[in-house]
Amino acid sequence: MNLTNYHSHTSFCDGHAPMEEFVIEAIHQGFASYGISSHAPLPFPTRWTMNKEEVSAYFEAFYRLKKKYQGEIDLYIGMEIDYLDEQSNPSIDYFQLLPLDYRIGSVHLLSDDKGEIVDIDCSKEKFKEKIYTYFHYDLKGVVLAYYSKLMSMVELGGFDFVGHADKIAFNASYYQPGVTEQDWYKKLLTGLFVLIAEKGLMMEINTKAYHKLGVFYPNEKHFSLINQLHIPVLVNSDAHYPALINDGRAEAFQALKSVGIEQVMELVAGKWCKSSIVI
Ligand SMILES: [Zn+2]
Ligand SMILES: [Zn+2]
């Protein structure tokens, strides 16, 4: 039944429940495998990432659960790692040397022209304010910077799949309706997807906002491009609450199948394998 999820946040970062509650819920819902992926440490503290000092406790908590629930569910430990810059991203030794089962590469942060770091992974209203406050009303510049970071991240590699590939599209479209239909935007997105395919990386279909905002990341309108480029996909709910671990999964499978994508990636005995979508 393709019951898997490899993107979920716990109280080690900005998730709203301890790791064990996600595992118990996954067992309860009959998941075959489940991955924990708290936000990786950044070079500075934030309210939504782990600190480096917490990483050993993160692994210890995971190993305890893996042992406790052995035979009931296949558990994996990952991290959602930000591409901040060349010094802090999934490819650096620090993250490569951690004994993670998998790594997610994501972009949440941009820098303004004074070097101040701005979180653009926020509500659409806050995003609009930030475009005024930090980026001189220059939406196009912000979108270009976002895709440029994603391109650098994919170029450097060191991770298994791209997290919520075009997440900026929702906020950008609120600021300027129709912007994602413009040629320059389409070119950026296509360039990114082509590079992901060339590098042999996977892409997640992130269902976190589907029931709230009506969109997947990447947007459903790009699923046929994903199919054309043969990019392997996995469906993840990016859950911050145990009750949402399976949120939007069925709808994403339906949408994938409608463009001819018949398989998703799953971890089986620690290896990424293709699995047919069963609805
Ligand atoms: Zn994220
Ligand atoms: Zn996440």
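Reader: Is F59 buried or exposed?

Author: In this predicted model, F59 counts as buried because its relative accessibility is 7%, and buried means under 20%.

Reader: And what about Y63, buried or partly exposed?

Author: Y63 is partly exposed, with a relative accessible area of 41%.

Reader: How are the rings of F59 and Y63 arranged?

Author: The ring centres of F59 and Y63 are 6.1 Å apart and the planes stand at 35°, so the pair is tilted. The two residues are 4 apart in helix α2 (residues 55–68), which means that about one helical turn separates them.

Reader: Which residues form one aromatic cluster with F59 and Y63?

Author: The cluster consists of F12, Y58, F59, F62 and Y63.

Reader: How many aromatic pairs are there?

Author: The count comes to 19 aromatic pairs. One of these is formed by Y94 and F95, which is edge-to-face, with 5.0 Å from centre to centre and 70° between the planes. F95 counts as buried at 2% relative accessibility, whereas Y94 is partly exposed at 24%.

Reader: What lies over the face of Y94?

Author: K52 does, at 4.2 Å from the ring centre. Elsewhere, the charged end of K66 sits over the ring of Y76, 5.6 Å from the centre of that ring.

Reader: Changing topic: how many residues are in the largest nonpolar core?

Author: That core has 49 residues, and among those with the most contacts inside it are F127, Y147 and F193. Several elements each supply at least two of its residues, including α4 (124–135), α7 (183–198) and β8 (202–206). The largest share, 8 residues, comes from α5.

Reader: Why would such side chains gather like that?

Author: In soluble globular proteins, nonpolar side chains tend to be buried together.

Reader: What does F127 touch?

Author: Leaving aside residues up to four places away in sequence, F127 touches I120, C122, L139, V142, I168, N171, A172 and Y175. There is also a second, separate core of 28 residues, which includes F22, A40, I77 and I81.

Reader: Now the sheet: in what order do the strands come?

Author: The 7 strands form an open sheet in the order β1-β2-β3-β4-β7-β8-β9, with parallel pairing. The edge strands are β1 (4–5) and β9, each of which pairs on one side only.

Reader: How many bridges join β2 to β3?

Author: Strand β2 (residues 33–39) is joined to strand β3 (residues 74–82) by 7 bridges. Within this pairing, S33 stands opposite D74 in β3.

Reader: Which strands does α10 touch?

Author: Helix α10 packs on the sheet and touches β1, β8 and β9; its direction makes about 155° with that of β9.

Terms used. Residues numbered from 1 in each chain as written. Chains lettered and ligands numbered in written order. Predicted model: local features only at pLDDT ≥ 70, side-chain atom pairs only at ≥ 80, totals over all residues. Heavy atoms only, no water. Core = buried A, V, L, I, M, F, W, Y, C linked by side-chain atoms within 4.5 Å. Buried < 20%, exposed > 50% of the residue type's maximum accessible area, 1.4 Å probe, protein only. Contact = heavy atoms within 4.5 Å. Pairing = 2+ DSSP bridges. Axes fitted to C-alpha atoms, helices over the stretch in contact; angles between N-to-C directions. Phe/Tyr/Trp six-rings, centres within 6.5 Å; stacked < 30°, edge-to-face > 60°. Lys NZ or Arg CZ within 6 Å of the ring centre and 35° of its normal.
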